[in-house]
Amino acid sequence: MKYVVLLGDGMADWPLEALGGRTPLQAACKQNMDLIGRIGRCGLARTVPDGMTPGSDVANMSIMGYDPRRYYTGRAPLEAAAMRIPLGENEIAFRCNFVTVIDGIMDDYSAGHITSEEGAEIARSLKKVIPGGRIYPGVSYRNIVVLTACRDAVCTPPHDIMGRPISDHLPRGDDAHILVEIMEGARPLLESHPVNRRRVSMGLKPANMIWLWGQGPAPSMPGFHDIYGLDGAVISAVDLLKGLGVYAGWRVIDVPGATGTIDTNYAGKVEAALKALGSVDIVYLHVEAPDEAAHSGDVEQKIRAIELFDERVVGPMISGLKRSGEPWRVLLLPDHPTPIKIRTHSTDPVPFAIAGSGIDADSVDVFDEISASRGSYGSVEGKDLIRLLIAG
């Protein structure tokens, strides 16, 4: 049996007046996802345990079959693993976003989706403002800073405070002053940086501040094969997902042109997934675009991202599995809702569907938040999804 997880990040949402009381998932044209819902079994999954923050880190760890209450230590160490950044016993990894702040307001958590090349150039110049620490450039606005302090500081993700004053959300608690000093110390350098001067001259948003958050030490997780007896691979443009794959002992497959935005290389991801199934048992294929659109509050872009996921990933993936001649099963779902109304993640359960060999259909005929609630799986914990996929 070959297993595939098809994950559209943040696809789930709340009903919107602008869509006649429908969610973007309901409003989208998604015949392939609806087919999976129709030929398979559906349900709702709580991917974020009670009391935990509804981040993609927690949610995807849960979907991969690991209980976040036991294994989660923070987002940044997962991204550090994907970037092959070593963490010593007493070292703490932080996510370091390049952001745009205008008149004290968080205007853009991604500095206008600054390019990786621009980000790397800026990161090299920031070493002087991080005494005793290290900075590693990542993809676009996403970077990693490694320190030996501030593990217990309370930090807020920048995408959670879009349009709000940053003064109300600066790091606080133990050693937080160290983080604030680094963040504020970088501002003069960023304001005058050649990269930002070029961006402003082109009408683009500058990376005029760094934002530290998501910290934690390296987690200790058992290998996926040791738990489930299966070998896996992960395909994503996002370091967070790659890092989870590293700790799970999966192959991490890099696809040229995979961007983490709506212009990603969908066909390349599908091709890589089908090829990987020749040597592994399970592939986790992640697409970030719906989540990015929701954080921007762009409902039309979110619907388009869902439709592209359906047309260019879900459909071709199912066709490829059918052509393989091998038995297969697919788990289709988002990791968490990212409601347009709040432009950040919520803890609501997400719809899921499992279809393929040995799976009998239930009465659900389309795939969305409301329809899945009537599915025969009922309500389940996210950490149990992999076992459901295997058991059928």
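This is a predicted model: local features need pLDDT of at least 70, side-chain atom pairs count only at pLDDT 80 or more; totals for chains, interfaces and linings use all residues.
A residue counts as buried here when its relative accessible area is under 20%, as exposed over 50%, and as partly exposed in between (1.4 Å probe, protein chains only). Residues are numbered from 1 along each chain as its sequence is written, and side-chain values use heavy atoms, with hydrogens and water left out. Here is the rundown, by topic.

**Salt bridges**

- Side chains of opposite charge can pair when their charged atoms come close.
- The cut-off used is a side-chain nitrogen of Lys or Arg within 4 Å of a carboxyl oxygen of Asp or Glu, and the count by this rule is 14 salt bridges.
- Lys30 pairs up with Asp34, with 3.0 Å between the closest N and O atoms.
- Arg69 is exposed, at 52% relative accessibility.
- Another salt bridge joins the side chains of Asp254 and Lys242, at 2.8 Å from N to O. Asp254 sits in the loop between β9 (251–253) and α11 (266–276) while Lys242 is in helix α10 (residues 239–248), so the pair ties together parts that are 12 residues apart in sequence. Helices (H or I, at least four residues) and strands (E, at least two) are DSSP runs, numbered from the N terminus.
- Arg75, Glu79 and Arg95 are joined in a salt-bridge network.

**Cysteines**

- A disulfide is a covalent bond between the sulfur atoms of two cysteines.
- With the cut-off set at a pair of cysteine sulfur atoms within 2.5 Å, the count is 0 disulfides.
- Cys42 is buried, at 0% relative accessibility.
- Cys96 is in no disulfide either, with the nearest cysteine sulfur, in Cys155, 12 Å away. Cys96 is buried too, at 0%.

**Pockets**

- The search runs on a 1 Å grid over the protein atoms alone: a pocket is an open set of points with protein on both sides within 12 Å along at least five of seven lines, a cavity is a set where a 1.4 Å probe fits but cannot get out, and lining residues have an atom within 4 Å of a point. Grid points are joined across faces, edges and corners, and a volume is the space filled by probe spheres set on the points.
- The largest pocket has a volume of about 490 Å³. It is lined by 28 residues, and Thr53, Tyr72, Cys155, Pro157 and Gly214 are the closest to its centre.
- Both α3 (56–63) and β7 (209–216) give two or more residues to the lining of the largest pocket, and β7 gives the most, with 4.
- That lining splits into 10 nonpolar, 12 polar and 6 charged residues. In this scheme Ala, Val, Leu, Ile, Met, Phe, Trp, Tyr, Cys and Pro count as nonpolar, Asp, Glu, Lys and Arg as charged, and the others, Gly among them, as polar.
- The second largest pocket comes in at about 250 Å³. Of its 17 lining residues, His113, Glu292, Ala293, Ser296 and Gln301 are the closest to the centre.
- For the second largest pocket, α12 supplies the largest share of the lining, 3 residues.

**Cavity**

- The whole structure holds 1 cavity of 30 Å³ or more. The largest cavity has a volume of about 110 Å³.
- Its lining has 14 residues, with Arg75, Tyr141, His159, Glu288 and Glu292 nearest the centre.
- The elements that give two or more residues to this lining are β3 (92–102) and α12, and the largest share, 3 residues, comes from α12.
- By class, the cavity lining has 3 nonpolar, 5 polar and 6 charged residues.
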